Amino acid sequence: MTKLMDLKIDFAFKQVFGKEGNEPILLAFLNAALQLPKEKRLSSVEILNPEINREHIEDKASVLDIHAKTEQGEHVNIEIQLANKFDMEKRTLYYWSRIYSAQMKKGMPYTDLAKTITINILNFRFLQETERFHTTFHLYEDQEQFPLTDVIEIHFMEIPKLMDKWEQRAVNPHDNELERWLLLLEADDDEEIRKELEAIAMRDPVMKRAFDEWEDLSRDEKKWVEYESRRKAILDEMAAVREAEIRQQRAREEGLAEGRTEGERQKATEIAREMLAEGDSLERVAKLTKLPLAEIEKLKDQLH
């Protein structure tokens, strides 16, 4: 059995879904993701950025995304995020605006700007408000919920939530196309998922083609070198994010501890003042409040 690359590593994902010649695979994924009515399903898609810049493979800051255009002229951007940097809302709006505004040419009317769709595939839990793994956002009026425009559409697909449902046997990739394609991202090291999808591929020629492309990619030694380089860069970035989270958590805990200590000190000082006012000895006040004797003496002086 061929050892397969992890498709959640953006380099591998793009080689299968975003390479020129693999448009049918991307088309099948988009139709599954956008969940359009049968009469409006996409019939063709153009990949606008088929090449990966080799100098960006090891660049932790680079984004190896997929940018495509449908036959209706809509622009679609697909991003994979492995680490939660706690900026996903603003990040996705930036991705969307970058592609939307890039359409504008000199002298072009705003009415010619095409609908832009951003699809975020996340390997972490993002939206706490729902257990649905696929959510879609548009721009609506607050009270009556009518749309302002249809040019903005943002999707989030949270893999951990899907995997929870898989463990609960609450998904059916045989009937649900989106579940099928997202589970493919976990099939490299999950034999049960892989066998399930291989069975589906026997009657789904596009899924079969995706498996063939994936296996061919995973047999290419030169591609493995590039994949491992990109994988290392991503893992290094994830480790840095995790380290930053740990530092922030420690700082919060230390801040709480300092706050508790200061609060306890203020309470002890108030008790000391009350005891001194009632005539208790300095030694007794110091013993019961745990405050230094010198500080008790200062408090007594302040009372006179």
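1. Basis of the values. Because the model is predicted, local features need pLDDT of at least 70 and side-chain atom pairs count only at pLDDT 80 or more, whereas totals for chains, interfaces and linings use all residues. Residues are numbered from 1 along each chain as its sequence is written, and side-chain values use heavy atoms, with hydrogens and water left out.

2. The cores. A nonpolar core is here a set of buried Ala, Val, Leu, Ile, Met, Phe, Trp, Tyr and Cys residues joined through side-chain atoms within 4.5 Å, where buried means under 20% relative accessible area, exposed over 50% and partly exposed in between, with a 1.4 Å probe and protein chains only. The largest such core has 56 residues, of which F17, F29, I78, I119, I121, W181 and L184 touch the most other members. Its largest share, nine residues, is supplied by helix α2 (residues 23-34); helices (H or I, at least four residues) and strands (E, at least two) are DSSP runs, numbered from the N terminus. A second, separate core is made of twelve residues, including M88, L113, L122 and F126.

3. Surroundings of I119. Contact means heavy atoms within 4.5 Å, and, leaving aside neighbours within four places in sequence, I119 has contacts that include F29, L30, I78, E79 and M157.

4. A buried lysine. K161, which is found in helix α4 (residues 159-167), is buried at a relative accessible area of 1%. Apart from neighbours within four places in sequence, the residues in contact with K161 are R125, L127, T130, E131, R132 and F133.

5. Salt bridges across the sequence. The structure holds 25 salt bridges, each being a side-chain nitrogen of Lys or Arg within 4 Å of a carboxyl oxygen of Asp or Glu. One of them joins the side chains of K8 and E186 (3.5 Å, N to O); K8 lies in the segment before α1 (10-17) and E186 in the loop between α5 (177-184) and α6 (191-201), so the pair ties together parts that are 178 residues apart in sequence. K8 is buried at 9% relative accessibility, and E186 is buried at 13%.

6. Other charged pairs. E79 and R98 also meet through their side chains (4.0 Å, N to O), with E79 buried at 2% and R98 partly exposed at 31%. Within helix α8 (residues 221-277), D236 and K232 lie four residues apart, about one turn of the helix, and their side chains form a salt bridge (3.0 Å, N to O). Finally, R194, E198, E215, D216 and R219 are linked in a salt-bridge network.
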